[in-house]
Amino acid sequence: MPKILGGSLAEHRHRTRTALFTALSELMRERGFDAITLADIAARAGIGRTAVYNHFPDKESLLLAFIENETSAYVAALEASLDEVDDPVEQLRVYVREQLELEHTYHFAPGPDLREVISQDAGRHLRRHVGQVETLLRQILTRAVAGGDIPDQPLDAVVPLVHACLSGRRVPPEEPARSAFIDATEQFVLRALGARVVEPVRAVEVA
């Protein structure tokens, strides 16, 4: 009988899934999803290969569960950050910065883009999760238009354009390049949407 992690079957299931998610995330930072096997994931997680099949029938179903878990946590955190701000333009700033801070493992992984190596059904599943985040942006833009903060515009076209600008961007890890990159991207998006942008105050050197 396999060893139970934790004090109950529910806790065992949670710990096992967490270990598998962590292993998958680590491996995808090292090589492409297409180069990872379920055996690799099980070995990295310290879980017997046959035990993995009690939770996921294949690595694609594991990937989808991982992304669903990550997306749900991210959306909850983003909603909490947005709830602290009332002004729609400031919410846009929060949204842009949170998107740039987010490390999309499935974008940063080496090798082919995930959409090239997963099934069509899995691709549709991924797009549904992206839709959760796009819904938040659409809500912000709708409030901004209603309040006169940005011009009226076709959101069906604008929302994907904003996401294309933000998704998969490699933010420089070191300062001051990191802050400069985030500031520039934020102002670019706000200007593209027609929002009023206040230029940052720069220190003036005195001779």
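Is Thr135 buried, exposed or partly exposed, and what is its relative accessible area? Thr135 turns out to be partly exposed, with a relative accessible area of 39%; here buried means under 20%, exposed over 50% and partly exposed in between, using a 1.4 Å probe and protein chains only. Thr135 sits in helix H8, residues 120–146. Its C-alpha atom is 8.8 Å from that of Val159, a residue 24 places away along the chain.

A word on the model. It is a predicted one, so local features need pLDDT of at least 70 and side-chain atom pairs count only at pLDDT 80 or more, while totals for chains, interfaces and linings use all residues. Residues are numbered from 1 along each chain as its sequence is written, and side-chain values use heavy atoms, with hydrogens and water left out. Helices are DSSP runs of H or I with at least four residues, strands are E runs of at least two, and both are numbered from the N terminus.

Another threonine, Thr185, lies in helix H10, residues 177–193. At 7% relative accessibility, Thr185 counts as buried. Its side chain reaches the backbone oxygen of Phe181 at 2.9 Å, a polar contact (a pair of N or O atoms within 3.5 Å; within protein, one must be able to donate a hydrogen and the other to accept it, and residues adjacent in sequence count only if both atoms are side-chain atoms). Leaving aside residues up to four places away in sequence, Thr185 touches Val96, Leu100 and Leu166, contact being heavy atoms within 4.5 Å.

In H2, residues 38–45, the buried residues are Leu38, Ile41 and Ala42. They sit on the same side of H2 because they cover an arc of only 100 degrees around the axis, the arc being that of the directions from the helix axis to the C-beta atoms. These buried residues pack against helix H1 (9–30), helix H3 (49–52) and H4.

H4 itself runs over residues 59–83, 25 residues in total, and reaches 36 Å from first C-alpha to last. That is close to the expected 36 Å, which is 1.5 Å times one less than the number of residues. Asp58 caps the N-terminal end of H4, with a side-chain oxygen 3.2 Å from the backbone nitrogen of Glu60. Buried residues in H4 include Leu62, Phe66, Tyr74 and Leu82.
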